[in-house]
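Here are my notes for a colleague who is meeting this structure for the first time. Please keep the sequence and the model open while reading through the points.

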Amino acid sequence: MSNVSKTERQAAMIREISGANPAKCMKCGKCSATCPAFDEMDIKPHQFVSYVQDGNIEALAASKSLWKCLSCFACIERCPRNVKPAKLIDAARQIVEREKGGDYLSPDEIPALLDPELPQQLLVSAFRRYRR
Amino acid sequence: MKYSYYPGCTLKNKAKVLDAYARASALALGFELEEIRDWQCCGGVYPLGSDEIATKLSSVRALADARDHGRELVTLCSACHHVIKRVNDDMQNVADIRTRANNYMQLDTPYTGETNVLHFFEVLRDRVGFDALAKKVVNPLKGKKIGAYYGCLLLRPGEIMAFDDPENPRVMEDFIRALGAEPVVYPYRNECCGGYISLKEKEMATRMTDTIQESASGFGAEMLITACPLCRYNLNMTANGLPVVYFTELLAEALGVKEGIEA
């Protein structure tokens with residue numbers, strides 16, 4: 001399979017999994033302005049939209065932003081065009097996690113991360129977001 | 001009045017008091033929370049992918065169980081509430097998810113989103129009423145300046161959660177007022193605490209909770225209340241931050257039923 005067709009397939013998958021329509025974006029930047037993880041992201045929320053539109057999926061899949069999104073839904077709430085950047089980011093993350101070896105969290109890491117107050121909710125949330 | 005009740009994993013472990021104070025307070029207010037039999041963990045975060053079905057099924061099971069008992073479904077943990085409310089919206093409005101989930105579940109009666117999901121705050125506001133609550137307060141929390149920390153999950157996306165105005169909510173402030181205390185409105189009350197990022201990147205989460213804590217104390221709050229065990233955990237990472245307690249603890253205290261409940 002050529003790279004081009006893989007990229008096209010992945011871009012289509014991101015559109016499908018996210019249910020979001022990047023073509024509606026008017027580049028106002030409100031998503032990035034409101035994102036609490038903005039400083040930590042290499043590709044910013046408003047740029048995610050362009051990457052999907054341009055089919056630049058390889059860069060997206062390699063972006064550390066996938067693991068910085070907090071699912072706080074501020075970008076979804078405040079987007080005037082209902083583009084849903086957090087859903088695009090999640091779909092890109094899904095594409096990475098669904099490939100073998102794409103997990104961001106291993107159970108082996110857990111013992112060292114535990115402390116007596118840590119709520120179960122944190123573990124289940126992290127496992128769901130960071131691996132298949 | 002009896003409600004079906006979904007406690008969730010953390011309320012059986014690290015956040016037992018969130019659950020215990022709620023049950024005791026409910027009885028004092030004249031309603032009962034009946035735990036759903038054999039409930040399963042909601043997964044903590046809503047599965048955003050439109051093609052994800054298996055991860056939504058535990059919510060569907062809880063929702064269908066409440067429907068079968070003819071009751072509304074009550075939650076306490078913000079995360080459980082968020083997940084179950086959004087899956088319910090999917091079952092009402094997204095034909096593909098509804099069809100595939102029902103094909104998998106093979107329930108006697110297919111589930112199509114009939115259950116009304118209520119957060120405990122909504123029970124207090126919309127079923128009990130804050131005026132009626134205020135009348136049941138025997139131990140008013142006079143003089144306490146309390147900041148409500150809403151976080152993300154109860155409010156957003158506002159269209160689906162329909163909990164309160166997502167940018168300018170008031171239900172927690174009205175709750176604080178009903179208990180006889182003074183609510184402190186501060187700018188960061190609906191900004192993110194970092195959520196699950198605190199597992200692997202504590203520094204990033206602490207930067208966020210420092211901002212929230214500073215915002216609350218700067219506006220004069222003496223303590224914070226929350227409905228979410230993860231928000232509480234994260235907010236407690238801030239050095240010398242305000243104390244953070246579950247809202248049900250204050251409720252039980254004001255209703256005079258706090259004593260005797262194991263903390």
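**Notes on chain B**

1. In β7 of chain B, Ile225(B) is the bridge partner of Ala148(B), and three bridges join β5(B) to strand β7 (residues 223-226) of chain B, the two running parallel. Helices (H or I, at least four residues) and strands (E, at least two) are DSSP runs numbered from the N terminus, and two strands pair if DSSP finds at least two bridges between them.

2. The model is a predicted one, in which local features need pLDDT of at least 70 and side-chain atom pairs count only at pLDDT 80 or more, whereas totals for chains, interfaces and linings use all residues. Residues are numbered from 1 along each chain as its sequence is written, while chains are lettered from A and ligands numbered from 1 in the order in which they are written.

3. Chain B is divided into domain 1 (2-120) and domain 2 (130-255), with bounds that come from an automatic or database domain assignment. The C-alpha centres of the two domains lie 23 Å apart. Their contact takes 22 residues from domain 1 of chain B and 20 residues from domain 2 of chain B, where two residues are in contact if their C-beta atoms, placed from the backbone, lie within 7 Å.

4. On the side of domain 1 of chain B that touches domain 2, the elements giving two or more residues are α1 (16-29) and α3 (78-93) of chain B, and α1(B) gives the most, with eight residues. The residues of that side divide into 12 nonpolar, six polar and four charged; Ala, Val, Leu, Ile, Met, Phe, Trp, Tyr, Cys and Pro count as nonpolar, Asp, Glu, Lys and Arg as charged, and the others, Gly among them, as polar.

5. α1(B) also packs against helix α12 (residues 247-255) of chain B at an angle of about 35°, with the axes 8 Å apart. Axes here are lines fitted to C-alpha atoms, for helices over the stretch in contact, and angles run from 0 to 180 degrees between N-to-C directions. Residues including Val17(B), Leu18(B) and Tyr21(B) of α1(B) meet residues of α12(B), among them Leu251(B) and Ala252(B), and the residues of this contact divide into nine nonpolar, two polar and one charged.

6. One open sheet of chain B has four strands in the order β2-β1-β3-β4, with parallel pairing, and its edge strands are β2 (32-35) and β4 (117-119), each of which pairs on one side only. Strand β1 (residues 2-6) of chain B and β2(B) pair over four bridges, and Ser4(B) stands opposite Glu34(B) in β2(B). Helix α2 (residues 57-69) of chain B packs on this sheet, touching β1 and β3 (73-75), and its direction makes about 165° with that of β1(B).

7. A further open sheet of four strands has the order β6-β5-β7-β8 in chain B, again with parallel pairing, and its edge strands are β6 and β8 (244-246). Three bridges join β7(B) to β8(B), with Thr226(B) opposite Tyr246(B) in β8(B). Helix α8 (residues 171-178) of chain B packs on the sheet and touches β5, β6 and β7.

8. Towards the other chain, 34 residues of chain B are in contact with 28 residues of chain A. The elements that give two or more residues to this side of chain B are α9 (197-200), α10 (202-218) and α11 (229-235), and the residues of the side divide into 19 nonpolar, 11 polar and four charged.
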